[in-house]
Each structure stands twice: as structure tokens, then as C-alpha cells.
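Keep the view open while you read.

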Amino acid sequence: MAGFKEAAGRSLSWAAKNVDGAIALVLAVAVGVLGVLPDSVLNDKVKVQLVSSSTLVVLALVATALLRDRVRQEPVEEAMNATSAALTGLPERLRRLDELEALVGDTRRALEDMSVVRVLGSQHEIAQAHADARRGTDRWTFKGGTGTYIRAVTLPECVAAARREKRHLTIRLEIIDPADEEVCESYAHYRRSLSDRPDGTGEVWTTDRARKESFATVLAAFWHRQRYGLLDIAVGLSSVMTTFRWDLSSHAVIMTVEDPNRAMTALAGTFYYESCDTELRTSLEQARRVPVDRYKTVPLSDEPTVEEVRRLFDRIDLPLPKSFTDRDVVQIARKALRAKDPYGS
């Protein structure tokens, strides 16, 4: 019973949606039946009239069905046209979407780079950042003034760590040219303009001191090169001073200024790190290179003598000023191997 009701319901629903077609079908069947009835039931004249009338009704219903179908098709055609227009503009929208995704990606990378460029706000933080950068590194690049901290801490500790682990170590240093009195004077004047008091080493900055500090860094490079065969060290001398100091290891880059409580650091792999690496490489290529490959020509004692120091600088075409006395040479040797940490860390 339930099946019959369901079937009847479906039939009525179909008939309601297609009433004009149903009526036309019924009339067509009726006309067919009338056409075969015998003359004893209906005469020819009545048959003709009924068939004609029924045919007109059927044609009217068919016309109504066609008109209804057209009305129904118009929204479909409009939808198809709209879909076609949307599909036509789809490549342009996809291109814009790709541009938006690229912009979002670039923005995300920029934010990630900014998040790892950290400002150091104390002397302790700066010292710790240098210690972390030295730990396990196989290379170090420096660009700055005279390299006092390099001689006091970075170079001896990096060499000692490499010797313990029996591994290769690459050092690249760029300092002001001690033979260029003008740049040494500019550097000393800049340091005095910030503070005319003695720095962490207990000395004030003068042109004479700036020259000695740079000579000492060159001497330290040769001394360490002679004592560790796996040390690849290069020194460049610049005729232009910089107010920044860059220290770059395989882990991080640290940029310091004359304020001992302010610095910036970024980890390897970031945009800032890679940019600094490129800058330091390019800058060193333009500096006057010290021929460190001549390190075997003048052996240096554990405590270099005045004669050894003078002879070394003559051999590398960087002679000491004639005004430098033996006492000045001893001072250079002391600065090279027993430099005081300017930060007192």
C-alpha cells in the first residue's frame, strides 16, 4: 500500500509539472480513438469537428509547452554566459593570485629576517654573542678599526679551539692601513671625539696608538700563522675608516659600534647575514693585501725580538716608521700577543 501511494505521489507530481503535455497526450489519444470509432457511433461530420477542435487544442498546448521551456532556458543561458565570462577572466585572476602569494611569501621572509636580527643591549650580551659565534666555527671575518679585540680574544681563542680539534681555520681581517697616517689620524680623532678618557685598555687614542694597534694586528697574524699549519689567514689594509665593526663566523654576524653596550646580531642563513658576508668579501678584495704567504721568510720567536719584528715588516713591504724606537717596537709586540680586552670581558 505504501508503495502504491509513493508511486501515485510521484505520478501526480510529474503530472503537475507537465500538465500541458499530459493534457496534449490525453487529447491525442482521444482523437486517435475517435478516428477509429464506427460511423454508427459518430457520423463523419461530428468526427471531423471533434478531431479539428482537439488538434487545435493540442497545438495550443504544444505552443504553451515550448514557450514555457524557453522561459525556463533563459536563466540557464544567462548562467552559462556568466560562467563563460568568469572562465574567460580566470587566467587573469589566477595570475593576480600568484602575485599575491608571492607578495605574502616575500613579506613572511622579511618578517622572519627581522625577527632574527637581535639588538644587544649590554656589554655582557655582546660578550656572550661573541662567545657563541666562536664556538665550533671554522671561519671568522672581521672588518673594523685596528682589531684590538681580535688580537685579545677572537684570534687566540679560535686558533686554540681549532688546534684542539685538529681542524682547518679560515681568518679574514680588514683593518686601517698603519702606513696611511691620514686614515690613522682620522680614526684616532673619531675615537677621541666620542670619549677623551682612556678606554678599556687604559690608553687614550692618538694617531701613534692607532698605527701601533694596526701594526700589532699584522704581527699577530704572522705569529699565529707560523704556529698553526691549518690556519689560513689573510689581512687587508684599508685607507678608509669605518665607524662599524663586523665580526662574522659560520654561525652568526655581530655588528658593534663604539658604544660597548649596543650591538646587533643575526644568525647564519638570514638576509642580513648573507648581505654582511657579501659586503665583507667585496670590501676585503679592494683593500691592500698583506703578503701573509711570506710568513716563513722571518721566523718569529715565542717572544719576538725587536730585530725580528723590524725585519718582518721590511720583508712584507710594510716598514715601520723611522720615528719608531725600539721601545715602540716592543710595545707593538706586546700588543700583538698580550693585547688587553677593550671590553674587559
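The points below go through the sheet, the pockets, the salt bridges and the aromatic pairs.

1. One thing before the rest: this is a predicted model. Please read every value below with that in mind.

2. Start with the sheet. It is open and built from eight strands, in the order β1-β7-β6-β5-β2-β3-β4-β8, with mixed pairing. Which strands sit at the edges? They are β1 (118-120) and β8, each of which pairs on one side only.

3. For a closer look at one pairing, go to β5 and β6. Strand β6 covers residues 252-256, and four bridges join it to β5, the two running antiparallel. As background, strands of a sheet pair through backbone hydrogen bonds, either parallel or antiparallel.

4. Now the largest pocket, which holds about 540 Å³ of space. It is lined by 31 residues, and those closest to its centre are R191, D199, E258, P342 and Y343. Two or more lining residues come from each of α5 (123-134), α6 (148-165), α7 and β5 (245-249). Which element gives the most? That is α7, with four residues. Sorted by class, the lining has twelve nonpolar, ten polar and nine charged residues.

5. The second largest pocket has a volume of about 190 Å³. Its lining includes R139, W140 and T141, along with T170 and R172. At least two lining residues come from each of β2 (139-143), β3 (169-176) and α9. Helix α9 gives the most, with five residues. By class, this lining has six charged, three nonpolar and two polar residues.

6. Two of the residues lining that second largest pocket, D277 and R281, also deserve a look as a pair. They form a salt bridge, with the closest N and O atoms 3.2 Å apart. How far apart are they along helix α9? Both sit in that helix (residues 271-286), and because they are four residues apart, about one helical turn separates them. D277 is buried, with a relative accessible area of 8%.

7. In total, the structure holds 22 salt bridges. One of them joins E203 to K335, where the closest N and O atoms are 2.7 Å apart. This pair links distant parts of the chain: E203 is in the loop between α7 (181-194) and α8 (207-227), K335 is in helix α11 (residues 326-337), and 132 residues separate them. Are the two partners buried or exposed? E203 is partly exposed, at a relative accessible area of 26%, whereas K335 counts as buried because its relative accessibility is 8%, under the 20% cut-off.

8. Together with R151, D199, R209 and E213, they are linked in a network of salt bridges.

9. Another salt bridge to find is the one where the side chains of R338 and E303 meet, at 2.3 Å from N to O. R338 lies in the segment after α11 and E303 in the loop between β8 (288-289) and α10 (306-315), so the pair ties together parts that are 35 residues apart in sequence. E303 counts as partly exposed, at 45% relative accessibility.

10. On to the aromatic rings, which make four pairs in this structure. Take Y187 and W205: their ring centres are 5.3 Å apart and their planes stand at 90°, so this pair is edge-to-face. Y187 is in helix α7 and W205 is in the loop between α7 and α8, 18 residues apart. Y187 counts as buried at 2% relative accessibility, and W205 is buried too, with a relative accessible area of 6%.

11. The rings of F215 and F313 have centres 5.1 Å apart and planes at 80°, so they are also edge-to-face. F215 belongs to helix α8 and F313 to helix α10, so the pair ties together parts that are 98 residues apart in sequence. F215 is buried, with a relative accessible area of 1%, and F313 counts as buried at 0%. Along with F324, these two form one aromatic cluster.

How values were computed
Residues numbered from 1 in each chain as written. Predicted model: local features only at pLDDT ≥ 70, side-chain atom pairs only at ≥ 80, totals over all residues. Heavy atoms only, no water. Salt bridge = Lys/Arg side-chain N within 4 Å of Asp/Glu carboxyl O. Buried < 20%, exposed > 50% of the residue type's maximum accessible area, 1.4 Å probe, protein only. 1 Å grid on protein atoms, 1.4 Å probe; cavity = no way out; pocket = protein on both sides within 12 Å on 5 of 7 lines; lining within 4 Å. Points joined across faces, edges and corners; volume = space filled by probe spheres on them. Nonpolar A, V, L, I, M, F, W, Y, C, P; charged D, E, K, R; others polar. Pairing = 2+ DSSP bridges. Phe/Tyr/Trp six-rings, centres within 6.5 Å; stacked < 30°, edge-to-face > 60°.
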